[in-house]
Each structure stands twice: as structure tokens, then as C-alpha cells.
Amino acid sequence: MYDADKIIPGLIVFLIIVLFPYYYTMGRVVPAPKPIKPIKYKKCVEPLSYMRAAHMDILDAWRDEVVRHEKRVYVSSTGKEWDMSLQNECLRCHDNKAKFCDRCHNYLGVKPYCWDCHFEPNKIKELPHKMMTKETM
Amino acid sequence: MGVSRREFLKLAGLTAALGLGTGTAFELLAPGQVEAGEYLRSENALRGKRWAMAFDVKKCLANGEDCRICIDACINEHNIPQYDNPLHEIKWIWKDLYRYAFEDTENPYVSDDYKDKPFILLCNHCDEPPCVRVCPTQATFRRPDGIVMQDMHRCIGCRFCMAACPYGSRNFNWLDPRPHIVHYNPKYPTRRRGVVEKCIFCNERIDLGKKPVCVDACPVGAIIFGDLHDPNSELRQVLRKRFSIRRKLELGTKPSMFYLI
Amino acid sequence: MLEKILQGDRRYWMWVAFLLAVIGVGFACYVYQCFTGLGITGMNRDVSWGLYIAQFTLLVGIAASGLMVVIPKLLHHYKKFIDLVMFGEFMAISAVIMCLLFVIVDVGQPMRLFNMILHPTPHSMLFYDMIVLNGYLLINIIVGYNTMLADWKGVPPPRWIIPVAYLGVPWAVAIHTVTAFLYCGLPGRHLWLSALMAPRFLAGAFCSGPALLLLILFIVERVTGYRPADEDAYQTLAKIILYAAVINMFFTFCEFFTAFYSNIPAEKHGLLYMFFGLEGYHRLVPFMRTSILAGFLGIFILLVPPFRRNRVLLGIACFAIFLWMWLEKGFGLVIGGFVPDPFGKITQYSPTLPECGIAIGIWAIGALILTFLFKMAIYAKRDGQRM
């Protein structure tokens with residue numbers, strides 16, 4: 001092999017860097033995430049197993065139907081009607097994002113950017129506000 | 001080992017591309033399967049073929065040139081940020097003087113009723129909108145009922161529509177809007193930096209059976225909202241009775257905002 | 001061939017290090033822009049396209065200009081351009097990559113760019129721009145790379161390249177025409193609403209692109225001692241630049257005539273703002289007047305044969321012609337189109353420091369790619385096996 005004295009150390013350094021996440025967390029036990037379900041409501045839009053796997057598919061479909069096709073009502077597989085809105089329907093029951101949505105998302109390192117625009121309706125006080133001064137009033 | 005370095009690299013590259021490419025392509029292009037669910041319109045949704053508005057300028061001015069009730073209603077309904085720096089401002093509905101609103105008909109001898117008076121301005125929801133023609137992702141599109149809609153989820157922020165709009169109705173989020181929002185409406189999202197926004201004719205209200213918030217908010221009923229294709233609508237009746245002008249008609253955009261003078 | 005990038009003398013490495021430093025600064029500015037938003041630039045609600053798109057427009061022209069070297073050689077078998085073609089194509093590759101980078105930094109949501117492919121929109125000119133720019137990049141890479149390999153081995157290029165090279169000829173016209181169509185189909189911007197936009201863009205590209213190429217080749221000759229073509233070829237290219245420049249100046253004159261003879265305010269205002277100032281606003285005037293003077297200077301030098309044959313004066317002429325287009329397309333035209341705004345008001349634009357940093361960083365990336373490509377090309381041609 002040409003340049004073996006450069007390539008072999010280079011490969012070793014590469015492996016050290018790339019395998020870092022594995023050997024750094026070796027032996028640590030990270031418990032599975034436990035999202036806290038809403039207390040008052042028992043049934044979600046679709047059955048739990050489906051929602052767990054495909055809630056993003058539902059949200060994508062809702063998004064296109066509401067914005068692009070003027071639809072507002074979703075009739076689920078159980079026949080119940082739902083208002084197609086993340087902020088007004090999903091968050092009506094799942095009203096604490098930190099205790100529900102973020103639990104699994106943080107565990108998996110997923111950062112959905114829905115929250116750049118959509119917000120929790122009962123957490124408005126925590127959002128950045130503009131202070132109106134006398135001049136800008 | 002009869003494989004040359006070049007052949008090895010070609011083979012490795014091809015394998016990597018195929019492996020990454022097919023997996024990615026499958027994930028991205030395969031349609032998401034949603035369980036048997038149906039999508040319906042709301043029963044109360046307003047149905048029309050061509051929504052439009054008429055502004056009774058005399059009534060509006062009679063209520064006071066400083067009146068901004070419709071503007072503030074829109075701002076509060078849609079979480080529109082208020083910037084101190086006018087270069088970054090976002091305005092879906094606003095006011096400007098006659099000579100700016102109708103700058104192509106520059107007329108130093110216009111009557112005192114309208115000279116130096118403010119006119120309400122907003123997206124004209126054109127019949128043949130240049131912004132829709134140029135959008136590369138169809139993030140702005142024309143609904144069958146005439147509203148020129150903005151899909152904030154799909155917009156890539158290229159601002160081609162802003163260059164194309166001959167009326168200056170479009171805004172871009174140059175910065176994060178949230179620190180500039182005075183009052184949040186819990187029922188409507190904000191936008192994020194990097195997307196274009198404009199008046200969307202309160203589609204979220206029309207689809208649920210309500211009129212646009214500016215129409216409802218006006219205390220003197222100076223904004224008349226209706227279906228241009230319905231000859232019996234209040235809008236068509238008032239257009240038959242009163243003379244109306246529109247902005248920049250010679251450009252062929254067929255705007256749907258009528259100013260009754 | 002790629003290993004040639006890693007072989008060079010001290011001057012070469014200092015140049016690469018300098019470019020990498022500039023790229024680093026540009027990248028830092030871009031990270032700042034990613035976190036804060038495009039509000040860190042000078043763009044605003046009225047002037048919604050600025051330095052990035054203006055430089056993109058200029059660079060599409062530079063990319064298309066490879067045609068001025070390819071057409072004589074490919075279609076007319078002008079043998080003296082045989083070695084120039086590869087350098088023209090490599091400059092085109094570098095220019096197209098810069099174009100794509102300028103679009104990426106200008107867009108508000110770059111992570112959504114894939115939407116343009118997921119939702120193809122045949123009525124949008126930006127959709128076609130994406131297709132033709134990427135296609136042109138591919139054509140130039142394929143033809144340039146294979147020709148370079150063939151030169152290195154001392155064999156004629158493979159025959160299947162010929163149809164691809166022929167495809168590149170109308171494609172080069174297409175990339176700049178589509179870019180012009182971005183502007184000249186918009187009903188509200190009267191400065192741009194002219195049938196002459198696409199011809200002006202092409203004429204401007206065909207004079208400024210070869211001018212830049214000549215300048216770079218003069219520098220290459222100084223630095224490496226390698227001459228891709230003899231003096232006759234350079235003179236022919238200079239004459240091509242001259243014709244394109246004269247036609248471009250004539251087109252500019254036509255625009256002025258239509259605007260001012262018709263006396264229509266909307267037609268006049270754009271040119272008035274750019275060249276004379278409008279209602280007291282005159283930020284663009286020094287740049288635009290300098291650009292026209294530079295254009296005339298370049299044309300004058302190129303017109304007079306003894307001046308054209310003088311290497312120093314030819315270099316000055318090429319620089320002047322490039323400066324003319326860099327100021328007019330890369331600065332004035334795009335920004336001037338937004339003045340006055342749809343309400344007749346004037347909002348001026350100046351790029352901010354971070355914006356300039358990103359733009360210069362992208363130019364440095366282009367220069368680095370150009371350096372690498374030219375290094376390989378020179379090696380292939382000078383040290384390759386000759387038949």
C-alpha cells in the first residue's frame with residue numbers, strides 16, 4: 001500500500017470519530033420515553049398504534065387538505081368528525097407539548113419545525129412578545 | 001487484484017449512489033398511507049365562485065381618516081408582527097394616499113374629496129395573478145373560489161412572487177416575527193422567518209362560514225364582501241349602482257378589489 | 001488527475017490558503033444569516049432582491065459565455081481555439097456553481113428547496129432555471145472532464161462527446177434566456193418589461209464572459225508560463241468581445257430611446273433613477289455612469305488594432321468590459337428594477353457587510369474551483385502525452 005504510514009493512522013482516527021456515539025454511551029441505560037397522555041380524553045383521532053407510527057402522515061395530509069383544498073373536517077376510521085388543526089384540535093387534548101410531544105421527539109433527536117409557526121394556545125404567555133411603548137401605541 | 005484504482009472508485013461511487021438514492025427515493029416519493037379517513041368541507045363554509053370586495057371610500061373617510069379598525073382586526077387575528085423598521089414591515093391590509101394607491105393615474109387635479117386621502121390597500125386576489133404564474137413550488141396558488149392563497153408550509157422564500165406582484169401586496173419575513181408580535185390569537189399560527197405572506201382573504205374564516213375579519217370589524221360597513229359571479233349578491237348590486245375603480249387595470253391582472261368613489 | 005490539486009509550489013498554496021480564509025469568513029457570515037434571517041442583508045419589503053440575485057444574474061451570463069469559444073471551434077472548426085475550449089468550459093463550471101450557491105444563500109428556506117422538484121411547476125421560470133442550470137453544469141462537466149482525460153492520454157476525445165457538446169450550444173443560450181425571462185415577464189416592473197432583456201443579457205454575457213476568460217488566461221500565463229492559445233486566437237476572441245460589446249451598447253441605447261422618446265413616466269423612471277437620480281435619490285448613479293464609461297473605454301481600446309494588440313491595453317479593455325457588465329447586471333439592473341416601487345415611492349438598497357461577506361465568500365469558492373480545474377487542465381495539456 002502506498003502511503004501506508006498516512007492511511008492507517010488516518011483510518012484509525014476516522015473510526016474513533018465515527019464510532020464516538022457508540023462507545024461514549026456504552027453501558028448507559030436510557031429508559032424509553034414516557035409521554036404523559038391527556039387525562040380527560042381517551043380516544044385520539046385514530047387508534048394508538050397507528051397514531052404512534054403515522055401521526056406525521058396524518059398531519060401532512062391535514063395540512064394539504066386545509067390549506068390547499070379548503071377541507072376542514074376529518075372523518076376518522078371510527079366515523080367521528082375532527083377539526084383538522086394541529087393548534088386547535090390536537091393541542092386541545094395534548095395541551096402540554098413538553099410532557100407529551102417532546103418526550104419522544106427529544107429521545108429520538110427529532111426536531112419537527114412545526115413549532116416555529118404553530119404554538120400551544122395555552123402557553124401564549126411564554127412566547128416572545130413585543131412591548132408596546134407609548135410611541136408605538 | 002486486477003481492478004484499477006479508477007474502476008474501484010467508480011464501482012464504489014455507483015454502489016453508494018444507488019444504495020442511498022433508492023432508499024431515499026423510496027421514502028420521499030412513496031405516498032404516505034393514511035388510514036381510510038375522509039376529508040370534508042365544513043357544512044357552514046361560504047360557497048362562492050369568485051370572492052371580491054368593494055370599499056365604499058366615502059363611508060370609510062367619513063368615519064375618520066385615522067381609523068384603523070380593520071387593519072388592527074387583521075393584525076390581531078393573524079398574529080402579524082409589528083416592526084419599528086419600515087424596511088422589514090409586514091402588512092396584509094394597510095392605508096396609503098390616493099396618489100400612491102393609484103400612482104399610474106397621477107392626477108394633480110383630482111377632486112378634494114380624494115386628494116391626499118387614505119385608501120385601504122391589500123392583496124387584490126387577481127383573476128390572473130402574476131404571482132401565481134411565477135411561484136416555482138405552487139406555494140401561492142389560486143383557489144377555485146378566486147382567493148389567491150399562500151401555503152406557508154411549502155414556500156421556499158425565493159421572493160419571486162414579491163417581484164412579480166404589481167401592487168406591492170406581498171411581505172417577506174426577513175427576521176423571526178415572534179418577538180414583534182403584540183397580541184397572539186390562540187387559534188391562528190404565526191409564521192417563521194424565510195416565508196412570504198400576504199392577505200389570504202381570511203380563508204380560515206370563509207371555510208368555516210364567516211366573513212373576513214376586516215369586513216366584520218368595520219363599524220360603518222365600508223367594506224362590502226361578496227361573490228362576483230352571483231348577480232344578486234350585495235356586492236354586484238352596489239357595483240351596478242356606484243362607479244368603481246381598480247388598481248392598474250392595464251396590466252391585465254383583473255384585480256378583485258373595487259373602490260367605490 | 002485530481003491529485004494535481006494537491007501538488008503545487010508555495011505561491012499556489014498561499015493563493016489556496018487565502019481563498020480558504022475568505023471562504024471561511026463568508027461561511028461564518030452565512031451561518032449568522034441562517035440563524036437570524038435574511039434581515040441581516042440590506043434587502044427590504046420594496047427591494048426584495050439584492051446583491052445575491054444580481055450576482056447570480058451576472059454569473060449566468062459568464063457561464064453562458066463559454067459559447068463564444070465553443071461555437072468557433074465546434075461549428076466552424078476554428079483550430080486555434082482547440083485548447084481554449086476546455087478553459088472556457090471550466091470557467092463555465094465554476095460560474096454555474098457560483099450561480100447555484102447564490103440562489104441557495106438568497107432563498108429564505110433553503111432546506112425546502114427540494115419542493116421545487118417535488119412540485120414541478122412548468123409555468124414558473126424559476127423551475128426551468130433550475131433545470132437548465134443543473135443540466136448545463138452536467139454538460140460542461142461531462143464534456144470538459146472527458147476532453148481533459150483525452151488530452152492527458154494524447155488521444156482524440158471519445159466520439160459520444162460530440163452530440164453532448166452540440167447540445168451545449170443551444171443550452172448555453174437557454175440558460176441566459178431563461179434567466180432573462182425571470183425578469184422580462186413581470187408586469188409590474190417597467191424597467192425589466194422589455195423584449196430586449198434576453199438579447200441584452202446575451203450580448204452582455206458574450207462580451208463580459210470572454211473578457212473575463214482572457215483576463216484569467218493572461219494571469220495564468222504570467223503565473224505558470226503556459227499559453228493555451230497563440231496571439232491570433234486571443235485577437236480573434238478580442239474581436240468577438242468587441243462585436244458583442246458594440247451590440248450590447250447599441251441595445252442599451254435602444255432602451256434609452258424607447259424610454260425617453262415615448263416620455264412615458266413608468267418607462268423613464270427606472271433609467272432615470274439608475275443614471276441621473278430620481279427625486280433626489282441617486283445611490284446607483286455613480287455605479288451606472290462608471291459602468292457606461294468603462295464600456296466605452298473597453299470598446300474604444302478594442303476598436304483600434306494597435307491598442308488591441310498591446311497586451312497591457314487589451315488587459316485593461318477586458319477589465320473595463322467586465323466591469324461594465326459587473327456593475328450593470330451584477331448591481332444596477334436588478335436593484336434598479338425595484339425603483340420606484342409599485343406605489344411610486346423610492347426605497348434605496350445598499351448591501352450590508354455580512355451580505356458582502358457571503359457574496360465575496362461565494363466568489364472565493366468559484367475562484368478556488370476555477371484554480372483547481374485550470375490546474376488540472378494545464379497539467380493535462382502541457383504535460384500530457386501528445387500524439
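## Strands that pair up

Let's start with one term: two strands count as paired when DSSP finds at least two bridges between them. Keep that in mind as you look around this structure, which is a predicted model.

A handy example sits in chain B. S10(B) is joined to strand S11 (residues 257-260) of chain B by two bridges, and these strands run antiparallel. Pick out Ser244(B) and look across to S11(B): the bridge partner there is Leu260(B).

## The four-strand sheet in chain B

Those strands belong to an open sheet of four strands in chain B, and the order across the sheet is S9-S2-S11-S10. The pairing in this sheet is mixed. At the edges you'll find strand S9 (223-227) and strand S10 (244-245) of chain B, each of which pairs on one side only.

Now look for a helix that goes with this sheet. Helix H9 (residues 234-241) of chain B lies across strand S2 (51-56), S9, S10 and S11 of chain B. Take S9(B) as your reference, and H9(B) runs at about 115 degrees to that strand.

## A sheet built from chains A and B

Another open sheet has three strands, in the order S2(A)-S1(A)-S1(B), with antiparallel pairing. Its edge strands are strand S2 (81-83) of chain A and strand S1 (38-40) of chain B, and each pairs on one side only. From one strand to the next, the twist averages 30 degrees.

## Where chain B meets chain C

Which pair of chains has the most contacts, of the two pairs that touch? That would be chains B and C. Their contact takes 38 residues from chain B and 32 residues from chain C.

On the chain C side, helix H5 (115-118) and helix H6 (125-153) each supply at least two residues. H6(C) gives the most, with three residues. By class, this side of chain C has 13 nonpolar, 14 polar and five charged residues. What about chains A and C? They do not touch, and their nearest C-alpha atoms are 11 Å apart.

## Helices around H8 in chain C

Just after H8(C), Gly225(C) takes a positive phi of about 75 degrees.

How do other helices pack against it? Helix H7 (residues 161-184) of chain C packs with helix H8 (residues 197-224) of chain C at an angle of about 135 degrees, with the axes 8 Å apart. That angle makes H7(C) oblique to H8(C). The crossing is right-handed. Among the residues that meet are Val173(C), His176(C) and Phe181(C) in H7(C), along with Met197(C), Phe201(C) and Leu202(C) in H8(C). By class, this contact has ten nonpolar, three polar and no charged residues.

Helix H4 (residues 84-106) of chain C also crosses H8(C), at roughly 110 degrees, and the axes come within 11 Å. That makes H4(C) roughly perpendicular to H8(C). H4(C) passes H8(C) in a right-handed crossing. Here Phe87(C), Gly88(C) and Met91(C) in H4(C) meet Leu213(C), Ile216(C) and Leu217(C) in H8(C). The class count for this contact is five nonpolar, one polar and no charged residues.

Notes
Residues numbered from 1 in each chain as written. Chains lettered and ligands numbered in written order. Predicted model: local features only at pLDDT ≥ 70, side-chain atom pairs only at ≥ 80, totals over all residues. Axes fitted to C-alpha atoms, helices over the stretch in contact; angles between N-to-C directions. Contact = placed C-beta atoms within 7 Å. Nonpolar A, V, L, I, M, F, W, Y, C, P; charged D, E, K, R; others polar. Parallel < 35°, antiparallel > 145°, perpendicular 65-115°, else oblique. Left-handed = near helix turned anticlockwise from the far one by under 90°.
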